[in-house]
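Dear colleague,

Please find the structure below, handed over for your study. I would be grateful if you kept it open while reading the notes that come after it.

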Amino acid sequence: SLNFSAGPAQLPLPVLEQLRDELLDWRGTGASVAELSHRGKPFMALAEEIEADARRLLAVPDSHAILFLSGGATTQQALIPMNLCAAGETADYLVTGHWSKVAIKQASAVCAVHTVASAEDDGFLRLPEKSQWTHTKGAAYFHVTGNETIHGVELFNLPEATQAPLVVDLSSNIASRPTDFSKIGLAYAGAQKNLGPSGITLTIVSRELLAREGMQRPDIFKFASHAAQGSMLNTPPTLNWYILGLCIRWMLGEGGTAAFEARNLAKSSLLYATIDQSAGFYTNSVAADCRSRMNIPFVLHDAALDAVFLEESERAGMIGLKGHKALGGMRASLYNAIALKDIEALCAFMRDFQMRHG
Ligand code: PLP
């Protein structure tokens, strides 16, 4: 099936095939990679290879460390204020959708949070008007959500740096196009969308921020301790790490982030055109300048057709199109493992469905 789910998402077929072929005996060790000690030579060498590949794919400068952590993006949202805020400091957040609010919920348990601006009154259909943004003087950092997975709102231009370092949730658009990490203090992404399996999270953090004292907290919550131990402070999710490595290598082989940017632009343009040219049968109301290339929510003109659409699309081999319960309708997620021909198939199905039910 084609999996259009928002996550865990489709994995590239060559990755699944390699995983199958290597699962019982990895690199001649006579064991599965899932069975090997993370402290042994073969796995340590693999971890180094994966870091080098990730650095190359994402063009991460030496000024930044790459951490491979467990706990998902939500855990990072809690760890970030603990690591970057000193007692009494405030963190600034831009609110562009559901996941910005979750980030605030996690942070406000441990630090003071200021909302720079929110698009909630506009139903998260556009970005907050820049002239309305208010920053805290001396904020510990400025958090933005690179792509709102539920609302389908993407920030194509990261905000100019204020005095506060930029922290970006790249969970659902990392590696979808080139990103200038030299302008970012910290970025994090659960791998389960564009990078592979769930259970492992990339945190890319400048060494300058790693040196911050942060709050009093257990060692296991310190980014600097994870960095010092090569992300092996405790037993890491080794199998997920390995699959992540296969996905990264696959993306490098496909031409890297510039190639995926062109593909993702073509894929998303085709689906938006199909929606916009349906004479109101399908609707996506997000403003043109922030329509996500990764997650495209849309509603059918008659919600009574939703169940039929889902049933027929599944029968046609397309799964995961049910929209998030907060918005209803449908959502197609177009991560890197989805090819242009997959979107052509989805659009052909949508046009045919409209002809039969319009
Ligand atoms: N941030 C964004 C943009 C997301 O899309 C998600 C999950 O869908 C999360 C954070 C939470 O990620 P996790 O489930 O890995 O904690």
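This is a predicted model: local features need pLDDT of at least 70, side-chain atom pairs count only at pLDDT 80 or more; totals for chains, interfaces and linings use all residues.

Two packed helices are described by the angle between their axes and the distance between the axes. Here, the axes of helix α3 (residues 72–84) and helix α4 (residues 98–108) come within 8 Å and cross at roughly 45°. The two helices are therefore oblique to each other, and the crossing of α3 and α4 is right-handed. On the α3 side, the residues that take part are Thr74, Gln77, Ala78, Ile80 and Pro81; they meet Val102, Ala103, Gln106 and Ala107 in α4. Of the residues in this contact, six are nonpolar, three are polar and none is charged.

The next point concerns Lys193, which lies in the loop between β9 (186–190) and β10 (201–206). An unreviewed UniProt entry annotates Lys193 as "modified residue: N6-(pyridoxal phosphate)lysine". Is Lys193 buried or exposed? Lys193 is buried, because 30 other C-beta atoms lie within 10 Å, and the cut-off for a buried residue is 20 or more. Apart from neighbours within four places in sequence, Lys193 is in contact with Gly7, Ala9, Ser171, Ser172 and Tyr335.

Finally, Phe156 is in the loop between β7 (153–154) and β8 (166–169). Phe156 has 14 C-beta neighbours inside 10 Å and therefore counts as partly exposed. From Phe156 to Ala189 there are 33 residues in sequence, and the C-alpha to C-alpha distance is 17 Å.

Yours sincerely

How values were computed:
Residues are numbered from 1 along each chain as its sequence is written. Axes are lines fitted to C-alpha atoms, for helices over the stretch in contact, and angles run from 0 to 180 degrees between N-to-C directions. Helices (H or I, at least four residues) and strands (E, at least two) are DSSP runs, numbered from the N terminus. Angles under 35 degrees count as roughly parallel, over 145 as roughly antiparallel, 65 to 115 as roughly perpendicular and the rest as oblique. A crossing is left-handed if the near helix is turned anticlockwise from the far one by less than a right angle, and right-handed if clockwise. Two residues are in contact if their C-beta atoms, placed from the backbone, lie within 7 Å. Ala, Val, Leu, Ile, Met, Phe, Trp, Tyr, Cys and Pro count as nonpolar, Asp, Glu, Lys and Arg as charged, and the others, Gly among them, as polar. UniProt positions are given in the numbering used here, feature names are shortened, and annotations may be inferred rather than shown by experiment. A residue is buried if 20 or more other C-beta atoms lie within 10 Å of its own, exposed if 12 or fewer, and partly exposed in between; C-beta atoms are placed from the backbone.
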